Amino acid sequence: MPDAEQGRSRRRGRNETEDERADRMWQELIQEVRVAQMGVQILFGFLLTVVFTPKYEELSGTDQKIYIVTVLLGACATGALIGPVTLHRLVSGRRIKPEAVRWASRLTLLGLLLLLATTSASLLLILRVATHDGFVPYLVAGVVCWYLLCWFGLPMWARHRHTTR
């Protein structure tokens with residue numbers, strides 16, 4: 001049996017081949033991406049409408065710049081979170097699913113980081129417009145810390161604490 005076929009038939013962990021594992025991981029990844037895509041698409045859609053409201057003209061130059069950066073971050077997050085679908089479509093049937101899963105996973109993580117930045121910038125803009133107070137950056141920093149804890153800190157802690165090397 002050639003080395004490539006041997007690697008695909010070897011059983012590990014859940015008593016599954018590399019191809020079976022890639023199939024399972026792909027399904028799990030797509031479910032995760034669906035959740036993130038929904039959030040980023042709703043946020044991005046909302047952001048796209050702001051520029052067409054009368055309030056936009058009243059924003060300070062700084063707030064308009066924050067808005068533009070936020071829209072760009074949202075566009076990039078949308079691209080990264082839709083990327084795994086396109087990746088799968090373009091490589092489907094090429095017998096590289098384990099590699100495709102790895103790349104799709106990286107795109108998803110990048111998309112989540114961009115979603116974090118988009119959400120944080122949106123919150124900054126909204127709170128600046130709503131309150132005009134100097135404590136806004138501190139509130140946003142607190143929320144960013146919360147996101148980092150929920151999205152990355154807890155999962156990394158669980159990964160470290162409950163997995164074997």
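This is a predicted model: local features need pLDDT of at least 70, side-chain atom pairs count only at pLDDT 80 or more; totals for chains, interfaces and linings use all residues.

Reader: How many residues does H4 have, and how far does it reach?

Author: Helix H4 covers residues 61-91, which is 31 residues. From first C-alpha to last it reaches 44 Å, close to the 45 Å expected at 1.5 Å a residue.

Reader: Ok, and where does H4 bend?

Author: At Gly 83, by about 35 degrees, and Pro 84 follows within four residues. After H4 comes Gly 93, with a positive phi near 85 degrees.

Reader: Switching to annotations: which residues does UniProt list as "transmembrane region"?

Author: The unreviewed UniProt entry lists 35-54, 66-87, 107-129 and 135-158. In the model, residues 66-87 are 100% helix, with end C-alpha atoms 31 Å apart. Residues 107-129 are also 100% helix, and there the end C-alpha atoms lie 32 Å apart.

Reader: What about Ile 30, buried or exposed?

Author: Buried, because its relative accessible area is 12% and the cut-off is under 20%. Ile 30 sits in helix H2, residues 18-50. Ile 30 and Leu 112 are 82 residues apart in sequence and 14 Å apart in space, C-alpha to C-alpha.

Reader: And Tyr 138, is that one buried or exposed?

Author: Tyr 138 counts as exposed because its relative accessible area is 67%, and exposed means over 50%. Tyr 138 is in helix H6, residues 136-162.

Reader: Which residues make the nonpolar surface patch?

Author: Phe 135, Tyr 138 and Leu 139 make a patch of about 350 Å².

Terms used. Residues are numbered from 1 along each chain as its sequence is written. Side-chain values use heavy atoms; hydrogens and water are left out. Patches are made of residues with over 30% relative accessible area and no salt bridge: like charges are joined within 9 Å, nonpolar side chains (Val, Leu, Ile, Met, Phe, Trp, Tyr) within 5 Å. Accessible areas come from the Shrake-Rupley method with a 1.4 Å probe; for residues, only the protein chains shown count as cover. A salt bridge is a side-chain nitrogen of Lys or Arg within 4 Å of a carboxyl oxygen of Asp or Glu. Helices (H or I, at least four residues) and strands (E, at least two) are DSSP runs, numbered from the N terminus. Buried means under 20% relative accessible area, exposed over 50%, partly exposed in between (1.4 Å probe, protein chains only). The expected span of a helix is 1.5 Å times one less than its number of residues. The bend at a residue is the angle between axes fitted to the seven residues ending there and the seven starting there. UniProt positions are given in the numbering used here, feature names are shortened, and annotations may be inferred rather than shown by experiment.
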